[in-house]
Amino acid sequence: TPMHDAYDAFWIFRDFRGERVATTRRAPGSEGLLGHVLADATRNGDKLNAVLYYDWAYDGTGYKDYKAGVNYGTVRAQITLAFPPAGKERRLALSRATGTGFEVVRKDVKIAPGQSEYRDTLEMPPLTAWSLVVE
């Protein structure tokens, strides 16, 4: 079972193996926010794993854009996973880890044969990591 302490985000990386694939991040209105929202992805055979993480961001209350006078206490990440279509149904699992726990939020989400994209919106308070695994 996962460790239930500040190291829970470690479990997000359990499937993070294989060849790294390109990721693109955009933060309309605040380029500084991109320094605190991290994204990476790997492909290992037919398996795709994308990881997102909103880091400490100053005092733990989120990134502060002092110039614009905005505090990003929670980031809403709109994600698009693009992958080669397959001739068979695949499954997606979505997991979240924080400093207080780890949970599988969605399991066995169906990816239809021929589907080449998955879209979702994730709420990310500071110190939250998300993992999306398609197999």
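User: Which residue forms a salt bridge with Glu135?

Analyst: In this predicted model, the closest N and O atoms of the pair are 3.8 Å apart, which falls within the 4 Å cut-off for a salt bridge. Glu135 lies in the segment after β10 (128-134) and its partner in strand β3, so the contact ties together parts that are 88 residues apart in sequence. The partner of Glu135 is Lys47.

User: Is Glu135 buried or exposed?

Analyst: A residue counts as exposed when its relative accessible area is over 50%. Glu135 has a relative accessibility of 53%, whereas Lys47, with 23%, counts as partly exposed. Glu135 is therefore classed as exposed.

User: What is the N to O distance in the salt bridge of Arg96 and Glu103?

Analyst: The structure holds seven salt bridges, and among them is the one in which the side chains of Arg96 and Glu103 meet. Arg96 is partly exposed at 27% relative accessible area, and Glu103 is likewise partly exposed at 36%. The N to O distance for this pair is 2.2 Å.

User: Which strand supplies the largest share of the lining of the largest pocket?

Analyst: The largest pocket holds about 1100 Å³ of space, and of the 43 residues that line it, the closest to its centre are Thr24, Leu52, Gln78, Ile79 and Thr80. Strands β2 (37-44), β3 (47-54), β6 (75-82) and β9 (117-124) each supply at least two lining residues. The largest share, eight residues, comes from β6.

How values were computed. Residues numbered from 1 in each chain as written. Predicted model: local features only at pLDDT ≥ 70, side-chain atom pairs only at ≥ 80, totals over all residues. Heavy atoms only, no water. 1 Å grid on protein atoms, 1.4 Å probe; cavity = no way out; pocket = protein on both sides within 12 Å on 5 of 7 lines; lining within 4 Å. Points joined across faces, edges and corners; volume = space filled by probe spheres on them. Helix = DSSP H or I, 4+ residues; strand = E, 2+ residues; numbered from the N terminus. Buried < 20%, exposed > 50% of the residue type's maximum accessible area, 1.4 Å probe, protein only.
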